[in-house]
Amino acid sequence: MANWTDCLNFGISIAKQASEVVLSAFQQHKEVKLKSSPADLVTETDQRVEKILISAIRNRYPQHRFIGEESVAAGERLELTDSPTWIIDPIDGTVNFVHRFPFVAISIAFTFNKQIQFGIVYSCVEDKLFYAQRGGGAFLNGEPLYVSGQQDISRCVVVTEIGAERDDVALSTTTSNICRLLKLPVHGVRALGTAAVDMCQVATGGADAYYHIGMHCWDIAASAIIVQEAGGVVMDTDGSEFDMMSRRVIAASSATVADRIAQVIQAFPCCRDDEDNCRCGATGVN
Ligand SMILES: O=P(O)(O)OC[C@@]1(O)O[C@H](CO)[C@@H](O)[C@@H]1O
Ligand SMILES: [Mg+2]
Ligand SMILES: [Mg+2]
């Protein structure tokens, strides 16, 4: 069984280097282009950071494969195989980045045999490095992470996102899910604008659960293993096994809380990330 620690350490070092590019652009004016909707944005920095990361990894590991948000947006096929694969979101929270709302992350996951082996989420402005390797625990800036272990939904802080989908069905489903949770009740509902950092809040115990419908594999692959290695549970919103291509996720401090959220929320339809004619994230920009 391969040990991917060298790859993890390399991923951490390039995430730190790439974060300098994100931070130096953070306060500057950005040229913004639209992708799948008026709320799905891309900047030159997203594209640049993805190129920097992929070329550094390709130099070091020429056989490895990639799934990158901006490469897929430019028309590259999204295909997860058994080969070692890096799944990259160069800036998770591009809307935040454009507005200088200080939660933006570089998210890097690594799969082998289609199973996530490690994940790195670098929250650049906060200078918080979250990472986890399968079977090795989860860490924030070198300190071990543990979920809250909360079992009682009525004592939970739940994080979610109001995504880029603005059609009537997506909007009414998204808002009624929030209403149903608030009525349970839960202690609060929060949204930071980056799925990767949202999910890492569950890993720290600062939030008790996260759910989202409509995000992509690069938003959540790295943080999924971080939550699991912190002792949390990750599943589909219909209660079935987590599938990073399904565009639905619940991450929670306990199976009890995850199941309760799965009972309460509904999903709006969106095509799978690995569906060949699914062009949700693509526009041909680049
Ligand atoms: O395009 P980006 O920034 O990489 O990612 C999209 C995203 O930021 O949108 C959602 C909120 O609208 C987040 O949950 C998700 O992470
Ligand atoms: Mg993203
Ligand atoms: Mg992104």
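A: Let us begin with Ile87, which stands opposite Ala109 in E5. Please keep in mind that this is a predicted model.

Q: And in which sense do E4 and E5 pair?
A: E4 and E5 pair in the antiparallel sense, and six bridges are found between them.

Q: Okay, what about E3 and E4, in which sense do they pair?
A: E3 and strand E4, which covers residues 85-92, pair in the parallel sense over four bridges. Within that pairing, Phe66 stands opposite Trp86 in E4, and Gly68 stands opposite Ile88 in E4.

Q: Is E4 largely enclosed or exposed, then?
A: Eight of the eight residues of E4 are buried, so the strand is largely enclosed by the rest of the structure.

Q: Zooming out, in what order do the strands of the sheet come?
A: The order is E3-E4-E5-E6-E7-E8-E9, seven strands that form an open sheet with mixed pairing. Strand E3 (65-68) and strand E9 (143-144) stand at the edges, and each has a single partner strand, so one side of each is left without a neighbour in the sheet.

Q: Which strands does helix H1 touch?
A: Helix H1, residues 5-26, packs on the sheet and touches E4, strand E5 (105-112), strand E6 (115-123) and strand E7 (128-133), while its direction makes about 160° with that of E5. Another helix, H2 (residues 44-60), lies across E3, E4 and E5 and runs at about 155° to E4.

Q: Quick one on Thr5: buried or exposed?
A: Thr5, which is found in helix H1, is exposed, because 12 other C-beta atoms lie within 10 Å.

Q: New topic: what does the domain assignment give?
A: For the protein chain, the assignment gives domain 1 (5-144) and domain 2 (153-264). Taken over C-alpha atoms, the centres of domain 1 and domain 2 are separated by 20 Å.

Q: How many residues of each domain are in contact with the other?
A: On the domain 1 side there are 35 residues, and they are in contact with 25 residues of domain 2. E4, helix H4 (94-99), E5, E6, E7 and strand E8 (138-140) each supply at least two residues of the side of domain 1 that touches domain 2, and the largest share of that side, six residues, comes from E6.

Q: What's that side made of, by class?
A: The side of domain 1 that touches domain 2 has 21 nonpolar, nine polar and five charged residues.

Q: And ligand 1, where does it lie?
A: Both domain 1 (5-144) and domain 2 (153-264) give residues to the shell around ligand 1, so the ligand lies between them.

Q: Which residues are the closest to ligand 1?
A: Ligand 1 is surrounded by 15 residues, of which the closest are Asp92, Thr94, Glu161, Ala195 and Asp219. By class, this shell has four nonpolar, six polar and five charged residues.

Q: Which element gives the largest share of that shell?
A: That is E4, which supplies three residues of the shell around ligand 1, and this is the strand whose residues, eight of the eight, are buried.

Conventions. Residues numbered from 1 in each chain as written. Chains lettered and ligands numbered in written order. Predicted model: local features only at pLDDT ≥ 70, side-chain atom pairs only at ≥ 80, totals over all residues. Pairing = 2+ DSSP bridges. Contact = placed C-beta atoms within 7 Å. Axes fitted to C-alpha atoms, helices over the stretch in contact; angles between N-to-C directions. Near = placed C-beta within 6 Å. Nonpolar A, V, L, I, M, F, W, Y, C, P; charged D, E, K, R; others polar. Domains from an automatic or database assignment. Buried ≥ 20, exposed ≤ 12 C-beta atoms within 10 Å, placed from the backbone.
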